[in-house]
Amino acid sequence: MSVRFGVVLLASAIAAVIVGLVLQHLSVVDAVVEEEGVSSRAVAVTTPRSATVSPAPSARPRTTSPDAGRRLRDGLARAAYTAAAHDLRAGIAVLDLRSGRFYGSGETDGLFGTGSVVKVMIAARLLIDHELTGATADLAYSMITRSDDDAANVLWGKVGGPSLEPWIAAHYGISRLGAPNTRPGRWGNTHVTPRGLVQLYAKLRTDPTVWPWLGDAMRHASRIAKDGTDQFFGIPAAISGAAVKQGWADGSADNPADAIVNTTGFVDHDRYAVAILTEGNANNDGSDDQGFNADQAAVVTTMARLVCAAIE
């Protein structure tokens, strides 16, 4: 082999390595998702479908695909349309806890009475304060799994009553969580926004003091509540394996003539936090003795099916 030919071969090999490195660099897309202070950085690598790629140890989870995002936005829009068609005021929020992407429809920043959804805040405060022991722990578990109002009546005072919502908002740094109850003695009249609630759920999901107990309780919600209501409307009727906290009442809205029906929780192995909050229009005459409006709950179930069907 001549010296000149050897030099040519060496130059060709070096060029091939450089081209390969450039192509590899160009195949990496660094995507940053920001939404209301919730951010995530993900690395997506473009490779042939037949190729097998082991993710780098430092790679973070991928963001939701554009098609999946469009499906979810469409599902939420259909759900909001369904609520409006039945004369319901509604706010729908979904937060992808993997990518940090937020999806909303209807009054995402509107204030809604929580009904029994406030029981999540009650339990969280007790856990943060290390007071969930003995009889208090038993009451709290019944409060979450069976939506036990008697338990909430006892525990409400232990967590500060009307000061609970501002305390939770400040503790987790959520600027638009909601507002305290304006109807004295009605803990269900505590207010939340759909956006603020899913942001709170995201915080609770990563709180090691709160989530092990609370997540287990929400995953073990019983079908029949302590007051005899079938509480498997909305999310649990739309998808299996959800961790939920439901809410309903005929006296928790700011207008006492309105019924509220809320379905909230985590779906798809806790990847998505979901809040579907609704208020009727002078429809309390259709509520039963437990304050449950079955017609409104049926609409909420339809809405939840539209949302959950759009989730990957």
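Reply: First, the ground rules. This is a predicted model, where local features need pLDDT of at least 70, side-chain atom pairs count only at pLDDT 80 or more, and totals for chains, interfaces and linings use all residues. Residues are numbered from 1 along each chain as its sequence is written, and side-chain values use heavy atoms, with hydrogens and water left out.

Me: At what angle do helix H2 and helix H10 pack?

Reply: Helices (H or I, at least four residues) and strands (E, at least two) are DSSP runs, numbered from the N terminus. Axes are lines fitted to C-alpha atoms, for helices over the stretch in contact, and angles run from 0 to 180 degrees between N-to-C directions. Here H2 (residues 66–85) and H10 (residues 294–309) pack at about 165°, with axes 8 Å apart. That makes the pair roughly antiparallel, a label for angles over 145 degrees.

Me: Which residues make the contact between H2 and H10?

Reply: Contact means heavy atoms within 4.5 Å. H2 brings Leu-72, Gly-75, Leu-76, Arg-78, Ala-79, Thr-82 and Ala-83. H10 brings Val-299, Thr-302, Met-303, Leu-306 and Val-307.

Me: Now strand E9. Is E9 mostly covered or mostly open?

Reply: Buried means under 20% relative accessible area, exposed over 50%, partly exposed in between (1.4 Å probe, protein chains only). E9 (residues 260–267) is mostly covered, with eight of its eight residues buried. Ile-260, Asn-262, Thr-264 and Phe-266 lie on one side, and Val-261, Thr-263, Gly-265 and Val-267 on the other.

Me: How many bridges join E9 to strand E8, and how many join E9 to strand E10?

Reply: Two strands pair if DSSP finds at least two bridges between them. Seven bridges join E8 (residues 243–249) to E9, and these strands run antiparallel. Eight join E9 to E10 (residues 272–279), also antiparallel. Follow Ile-260: this residue is the bridge partner of Ala-249, and Glu-279 is the partner of Ile-260 in E10.

Conventions
Angles under 35 degrees count as roughly parallel, over 145 as roughly antiparallel, 65 to 115 as roughly perpendicular and the rest as oblique.
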